[in-house]
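Welcome! Please take a moment with the sequence and the model before reading the notes that follow.

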Amino acid sequence: MAAPPRGNLTIDVHECKGGGLCVESCPPKCTQLAPGLNHYGVHAARYTGHDCTGCGICFYCCPEPGAITVYRLAPPPKAVALTQPGEQHAPAL
């Protein structure tokens, strides 16, 4: 079973200059250069739509302010195991 996504990102193709630093630095490889050209005449970066961990490395590597926005997603709530009366528990820290 795949882990739930932990992040999401948006890339403004009107700000991207196609340097590719975000693509090279992304650990899960969830960014790539688009096949088409943007208004600057370069291949802008794009998000593949999956596998983002929300680490923000792409944001910090990008020299163009405002081109990449990273969102950390809230983790899913953890399941709480209910115990039956009389069961022993580990001491609380």
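A disulfide is a pair of cysteine sulfur atoms within 2.5 Å. What you see is a predicted model, in which local features need pLDDT of at least 70 and side-chain atom pairs count only at pLDDT 80 or more, while totals for chains, interfaces and linings use all residues. Residues are numbered from 1 along each chain as its sequence is written, and side-chain values use heavy atoms, with hydrogens and water left out.

**Cysteines**

- How many disulfides does a search of the whole structure find? The search finds zero.
- The cysteine sulfur closest to that of C26 belongs to C30, and because the two are 3.5 Å apart, they are too far for a bond.
- For C52, the closest cysteine sulfur is also in C30, but at 4.5 Å it is too far for a bond.
- C26 is buried, at 6% relative accessibility (buried means under 20% relative accessible area, exposed over 50%, and partly exposed in between, using a 1.4 Å probe and protein chains only).
- C52 is buried as well, with a relative accessible area of 7%.

**Asparagine N38**

- You can find N38 in the loop between β2 (31–37) and β3 (43–47); helices (H or I, at least four residues) and strands (E, at least two) are DSSP runs, numbered from the N terminus.
- Is N38 buried or exposed? With 15% relative accessibility, N38 counts as buried.
- The side chain of N38 reaches two backbone oxygens: that of V13 at 3.0 Å and that of C16 at 2.9 Å.
- Leaving aside residues up to four places away in sequence, N38 touches V13, C16 and A44 (contact means heavy atoms within 4.5 Å).

**An aromatic pair**

- Searching the whole structure turns up one aromatic pair. F59 and Y60 have ring centres 5.1 Å apart and planes at 80 degrees, so the pair is edge-to-face.
- As for the cut-offs, rings of Phe, Tyr and Trp (its six-membered ring) pair if their centres lie within 6.5 Å; planes under 30 degrees apart count as stacked, over 60 as edge-to-face and the rest as tilted.
- F59 is partly exposed, at 39% relative accessible area, whereas Y60 is exposed, at 69% relative accessibility.

**Positive phi angles**

- K29 is not a glycine, yet it has a positive phi of about 55 degrees. K29 sits in the loop between α1 (21–25) and β2 and counts as exposed, at 51% relative accessibility.
- D51 is not a glycine either, and its phi is positive at about 75 degrees. D51 lies in the loop between β3 and α2 (57–61) and is partly exposed, at 47% relative accessibility.

Technical notes: A polar contact is a pair of N or O atoms within 3.5 Å; within protein, one must be able to donate a hydrogen and the other to accept it, and residues adjacent in sequence count only if both atoms are side-chain atoms.
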